[in-house]
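Please look over the sequence and the model before reading on.

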Amino acid sequence: DSVMKSRATFKGDTLLFQADTTALACQTAAARYVISRTEDQLQIAGIGADSCGGRRAALVGTWQKS
């Protein structure tokens with residue numbers, strides 16, 4: 001299963017994946033990511049650890065508008 005299939009919610013500029021092992025076996029703890037943007041970039045930074053390492057690898061970084 002893909003780690004990107006789980007549901008997330010936004011609280012302000014924070015993307016929150018709640019702990020839910022029924023959705024994903026690796027999702028044993030909540031994971032948080034802060035989102036910021038400029039006119040042509042989206043930046044995603046992880047806060048703390050994410051027990052689903054593949055999700056962190058896929059999300060964290062700077063995304064450029066094309």
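A polar contact is a pair of N or O atoms within 3.5 Å, and within protein one of the two must be able to donate a hydrogen and the other to accept it. Such a contact, of 2.8 Å, joins the side chains of D50 and R55. The model discussed here is a predicted one, and the account moves from its overall build to the surroundings of these two residues.

## Overall build

The protein contains 1 helix and 5 strands. Along the sequence these elements follow the pattern β-β-β-β-α-β. The C-alpha trace spans about 40 × 25 × 20 Å along its principal axes. The protein has 66 residues, of which 24% count as buried. Among contacts with a separation of 6 or more, 21% are accounted for by residues 24 or more positions apart.

## Strand pairing

| Strands paired | Bridges | Direction |
|---|---|---|
| β1 (residues 9–11) and β2 | 3 bridges | antiparallel |
| β2 and β3 | 4 bridges | antiparallel |
| β3 and β4 (residues 41–47) | 6 bridges | antiparallel |
| β4 and β5 (residues 61–64) | 4 bridges | antiparallel |

Individual residues illustrate each of these pairings. F10 stands opposite L15 in β2, and F17 stands opposite A31 in β3. The bridge partner of R32 in β4 is I47, while Q41 stands opposite Q64 in β5.

Two hairpins can be described. In the hairpin of β1 and β2, 2 residues lie between the strands, and G12 takes a positive phi near 65 degrees. The hairpin formed by β3 and β4 has 3 residues between its strands.

In a regular strand the side chains alternate between the two faces of the sheet. For β2, both faces are covered: T14 and L16 on one side are buried, as are L15 and F17 on the other.

## The aromatic pair

Which residues make up the aromatic pair, and how are their rings arranged? The structure holds 1 aromatic pair. Its members are F17 and Y33, arranged edge-to-face, with 6.1 Å centre to centre and 90 degrees between the planes. The pair links distant parts of the chain, since F17 belongs to strand β2 (residues 14–17) and Y33 to strand β3 (residues 31–37), 16 residues apart. Both F17 and Y33 are buried.

## D50 and R55

Side chains of opposite charge can pair when their charged atoms come close. The structure holds 1 salt bridge. It is formed by R55 and D50, whose closest N and O atoms are 2.8 Å apart.

Are the two partners buried or exposed? Buried means under 20% relative accessible area. R55 has a relative accessible area of 0% and is therefore buried.

D50 lies in the loop between β4 and α1 (53–59). A polar atom of the D50 side chain lies 2.9 Å from the backbone nitrogen of C52. When residues up to four places away in sequence are not counted, D50 touches A31, Y33, R55 and R56.

## A29 in the loop between β2 and β3

Where does A29 lie, and which residues does it contact? A29 is found in the loop between β2 and β3. Its relative accessible area is 35%, so A29 counts as partly exposed: the category lies between buried, under 20%, and exposed, over 50%.

A29 and A19 are 10 residues apart in sequence, yet their C-alpha atoms are 4.4 Å apart in space. Leaving aside neighbours within four places in sequence, A29 is in contact with F17, A19 and S51.

Conventions: Residues numbered from 1 in each chain as written. Predicted model: local features only at pLDDT ≥ 70, side-chain atom pairs only at ≥ 80, totals over all residues. Heavy atoms only, no water. Phe/Tyr/Trp six-rings, centres within 6.5 Å; stacked < 30°, edge-to-face > 60°. Buried < 20%, exposed > 50% of the residue type's maximum accessible area, 1.4 Å probe, protein only. Salt bridge = Lys/Arg side-chain N within 4 Å of Asp/Glu carboxyl O. Pairing = 2+ DSSP bridges. Contact = heavy atoms within 4.5 Å.
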